[in-house]
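Subject: A structure to look through

Dear colleague,

I am passing on a structure for you to look at, with some notes on what turned up in it.

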Amino acid sequence: YRIKKDWGFLTPENAKFVYDNGVYFASKLIRVGLPVLKTFKYLQRQKERYPDNRHRIGESDYFDYLDMCKKLGLDTSKQSVLYPKDFVKRHDEAVKQQKFKESKILNEKFALRKPFLDNFFFESDGLFIRAAETQKDLIIEGEILNHCVANYADSHADGKTTIFLIRKDTEPDSPFFTLEFDFDNQT
C-alpha cells in the first residue's frame, strides 16, 4: 500500500517485481528517495553479471555500499555513484577505501601514543619488549601467532589497553609473544 501510494499507479508487472524482490527493500528505497524499479532492475543486471553466484548482490550489500560512499564523501546524487557499471568491483573498492581511511585515523592515534609508550621499551635475557606502533604490527602479530590481537587495535590506539610485542634479540622482526597490559588496573 505504501509503495502504491508513494509511486502512484503500480502495474501488475511492477507489483509482481516488487513482491518477488522484496517489499521491505522497496519501502526502504522510497524512504531514501531512490527509484525502486530502476534500482531493482540495476541490481538484477548486476546479479546476471555474476551467474556463478559467488558474489552476493542484494539489499544489504547495496545499502552498505551507499553508506560507505557517504562516509567517503562521494556524491550519491550522481548516477555513476548510485549505479556503477560493475557493482561488485566498485563495492570492493569502497571497502578498501573505507578500511584505508579508518586505518589512517587509527595509525595517527597509534603515533600519538608512541612517545609515551617508548618509555616502556625493555631488553633483557635475549628478549625485548616494545609497544605496538601501528595497526599493521597487530595484524602481523595475530596472523603469525594465530590469535585475535588485531581486534584490540582501537582499544590500544585509544589507550584503553596497551599491546606489547615481545621479540627475541636474534629475530627482532618475528613475533614471539604478545602481552596486553592495562595501565589503569596495573594488570
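Predicted model: local features only at pLDDT ≥ 70, side-chain atom pairs only at ≥ 80, totals over all residues.

The pocket

The largest pocket has a volume of about 210 Å³, and its lining includes Lys99, Glu102, Gln135, Asn151 and Asp154. Three helices, α7 (87–117), α8 (135–145) and α9 (153–157), each supply at least two residues of that lining, and α7 gives the most, with 6 residues.

A buried glutamate

Helix α8 is also the place of Glu141. Is Glu141 buried or exposed? Its relative accessible area is 0%, and because buried means under 20%, Glu141 counts as buried. Leaving aside residues up to four places away in sequence, Glu141 touches Asn146, His147, Val149, Leu165, Arg167, Pro175, Phe177 and Thr178, which you can pick out one by one in the viewer.

The aromatic rings

How many aromatic pairs does a search of the whole structure find? The search finds 12 aromatic pairs. One of them is formed by Phe120 and Phe164, an edge-to-face pair at 6.5 Å centre to centre with 70° between the planes. Phe120 lies in the loop between α7 and β1 (122–124), whereas Phe164 lies in strand β3 (residues 162–168), so this pair ties together parts that are 44 residues apart in sequence. As for accessibility, Phe120 is partly exposed, with a relative accessible area of 34%, while Phe164, at 5%, counts as buried.

Phe181 and Phe183 also form a pair, and because their ring centres are 5.0 Å apart and their planes are at 85°, that pair is edge-to-face. Phe181 is partly exposed, with a relative accessible area of 22%, and Phe183 is partly exposed as well, with 23%.

Elsewhere, ring pairs link Tyr42, Tyr62, Phe63, Tyr65, Tyr83 and Phe87 into a cluster.

With best wishes

How values were computed
Residues numbered from 1 in each chain as written. Heavy atoms only, no water. 1 Å grid on protein atoms, 1.4 Å probe; cavity = no way out; pocket = protein on both sides within 12 Å on 5 of 7 lines; lining within 4 Å. Points joined across faces, edges and corners; volume = space filled by probe spheres on them. Helix = DSSP H or I, 4+ residues; strand = E, 2+ residues; numbered from the N terminus. Buried < 20%, exposed > 50% of the residue type's maximum accessible area, 1.4 Å probe, protein only. Contact = heavy atoms within 4.5 Å. Phe/Tyr/Trp six-rings, centres within 6.5 Å; stacked < 30°, edge-to-face > 60°.
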